[in-house]
Amino acid sequence: MMRILLAALLLHTTQSLAPPAQALRTLAKTSGDDVRGITSPEAENALLPESAYFVGLGFRAWLGDEQTPIFVGRDPRASSDEIGEAFCRGASALDAGPATTPAMLESLLRGGSKACGACMVTASHLPKEWNGLKLFSAKEQRGLNKKEVKEVLGLAADLADMMQPVEGDIASAEAGFMDDYVEKLRQTIIETSGISTTPLKGLKVCVNPGNGAGGFFATSVLAPLGADVSSSINLEPDGAFPNHPANPEDKKHVQATIDAVAASGADVGVMLDCDVDRCGLIDGTTPKPEPVNRNRLVALAAQVALEDGNGVIVTDPVTSGGMTQFIEERGGTHDRFKMGYRNVIDRAAETKPEPALLAIETSGHSAWRSNNFVDDGCYTAAKLLGRLAKARVANPSCGLLDLLGGSLKEPAESIKVKMPVSSLEKVPEAEIKLCDALKACETATASWRMEPVNHDGLRCSVGDGDWLIARASLHEPVVSLQMEADDAGGTAAICAAVLPYLQPFEEDIDLAELEAVAKSN
């Protein structure tokens, strides 16, 4: 490591304190499994090209490799070009151009790969003023985790203390960077369906990538396999996201896809987030198109994974109360773990005696053992479309929800109440107060019981089947209560019960949304 740092110093002009140093130290406090910030110098957690330069330099030093290539891809945000170019100069990296997050990791996992690391410039589903850096290591065969990201940012800040950025030319990666990744997705559909030629013939699929990076999934993956993708919308990359956020959880994204599916008579809708590591689906074969996201997506993916044999399914802590039973009835074991895609993926990869079959979050992040635990919404969509194509050989009218067979117990209500705090630095303290309030409420309420296993936040059972979980946001100055109830009005009752125990903290935590829900019953 020291030799790398010395080499970096020799290659750059030494100065006194560089302005990005403090910004990088702030990013180290506020970033999680990837670097994220707002592309404005006034922002508390600003991510500007000058800082990206030093993150590139720090990443090169962290990898401990002075010569081997690093690939850098980017999403369509307006700030991605400048941030990507700055990172490339700092890391002496190769510009891979427009790409996706899964493709960047795939570039390290393929046989014969000559790269030691990769970076995707993206803020995923966050608004256009945000951007970020997702970092991948060939040696680790995965994305960096929170601890490792902080190490990189620490190195970057130390280097920024000693030097200023240096201009230089940027070399490009070889043409066709995405080709192998696209071909793998096509082969996944073929192998899962068991149909060697045009397995999607007769299937009408509406793809909505929300003007993010995923338009290729319709034109380069599905259409060549026979799918009719003419109903697809928002395929053109546009980092201003003019139609709705590129986020499969966003209500506008979901509704726009439902509307397009309904108008066109599509059999399936596919929603992708900006950098395509998350997905959500729509079943267009029901009387009214139905979302297949969140718990339904978790269940359907788990069912398909378990068709290959018994094993473990790792999820985040906010899956519905019926998920464990659903997984166990299919021969699986449900491991409900922490929030954060890196957490569930690492948990799945490290499961003993053999790795889990699937790591999946209700947000749509998913990584399969059969895909080397690459976090890839397109791969999940490809697996499920392939499985649907297989089922439609015997039943041409089969839809995605038919594969579930109505066997997943679903709540009547499911909501998330967000409660802002004044700054990112105040979030840990606010989470403690939120959890203390939940503990006090549980102690005073006979039918409430803290669940025995809590890897992330605090989850409490309410009555016979309802539940809530208190936790902090990973990236925003927000704490939240997420909850489900089997009866109408149940979530409002839960909020009303918790509210008095949080009111002593109303100067520190904005309770407006909680109060509104509590009064809605």
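Reader: Which element gives the most to the lining of the second largest pocket?
Author: That is α15, with three residues. Elements here are DSSP runs numbered from the N terminus: helices are H or I with at least four residues, strands E with at least two. On a 1 Å grid over the protein atoms alone, a pocket is an open set of points with protein on both sides within 12 Å along at least five of seven lines, a cavity is a set where a 1.4 Å probe fits but cannot get out, and lining residues have an atom within 4 Å of a point.

Reader: Before I go on, where does the model come from, and what pLDDT do local features need?
Author: The model is predicted; local features need pLDDT of at least 70 and side-chain atom pairs pLDDT 80 or more, while totals for chains, interfaces and linings use all residues. Numbering starts from 1 along each chain as its sequence is written, and side-chain values use heavy atoms, without hydrogens and water.

Reader: Back to that pocket. What volume does the second largest pocket have?
Author: The second largest pocket has a volume of about 590 Å³, taken as the space filled by probe spheres set on the grid points, which are joined across faces, edges and corners.

Reader: How many residues line it, and which lie nearest its centre?
Author: The lining of the second largest pocket has 23 residues, and those nearest the centre are Ser-31, Lys-146, Ala-472, Ser-473 and Leu-474. Two or more lining residues come from each of α2 (20-30), α6 (146-162), α15 (427-444) and β19 (466-472).

Reader: How many of the lining residues are charged?
Author: Ten are charged, next to seven polar and six nonpolar in the lining of the second largest pocket. Asp, Glu, Lys and Arg count as charged, Ala, Val, Leu, Ile, Met, Phe, Trp, Tyr, Cys and Pro as nonpolar, and the others, Gly among them, as polar.

Reader: Now the cavities. How many of 30 Å³ or more does a search of the whole structure find?
Author: The search finds three cavities of 30 Å³ or more. About 130 Å³ is the volume of the largest cavity. Sixteen residues line it, written 16 in the count, with Thr-101, Phe-136, Gly-143, Tyr-341 and Arg-342 the closest to its centre.

Reader: Which elements supply at least two residues of the lining of the largest cavity?
Author: α5 (101-109), β5 (130-137) and α12 (341-349) each do. By class, the lining of the largest cavity has nine nonpolar, five charged and two polar residues.

Reader: And what lines the second largest cavity?
Author: Its lining consists of Pro-317, Arg-336, Phe-337, Val-453, Asn-454, His-455, Asp-456, Arg-459 and Ile-469. Four of the residues lining the second largest cavity are nonpolar, three charged and two polar. The space in the second largest cavity is about 40 Å³.

Reader: How does β12 pair with β14, parallel or antiparallel?
Author: Strand β12 (residues 312-315) pairs with β14 (residues 358-360) in the parallel sense, over three bridges. Ile-313 has Leu-358 as its bridge partner in β14. β12 and β13 also run parallel, joined by four bridges, and Val-312 stands opposite Thr-333 in β13.

Reader: Are the faces of β12 covered or open, and which residues sit on them?
Author: Both faces are covered: Val-312 and Val-314 on one side, Ile-313 and Thr-315 on the other, are all buried. Buried means under 20% relative accessible area, exposed over 50%, and partly exposed in between, with a 1.4 Å probe and protein chains only.

Reader: Last one, Leu-385. Buried or exposed?
Author: Leu-385 has 1% relative accessibility and therefore counts as buried. Leu-385 lies in helix α13.

Reader: Which residues does Leu-385 touch?
Author: Leaving out residues up to four places away in sequence, Leu-385 touches Leu-200, Leu-203, Phe-217, Leu-222, Val-268 and Val-270, where contact means heavy atoms within 4.5 Å. The C-alpha atoms of Leu-385 and Val-205 are separated by 9.4 Å, with the two residues 180 apart along the chain.

Note on methods
Pairing = 2+ DSSP bridges.
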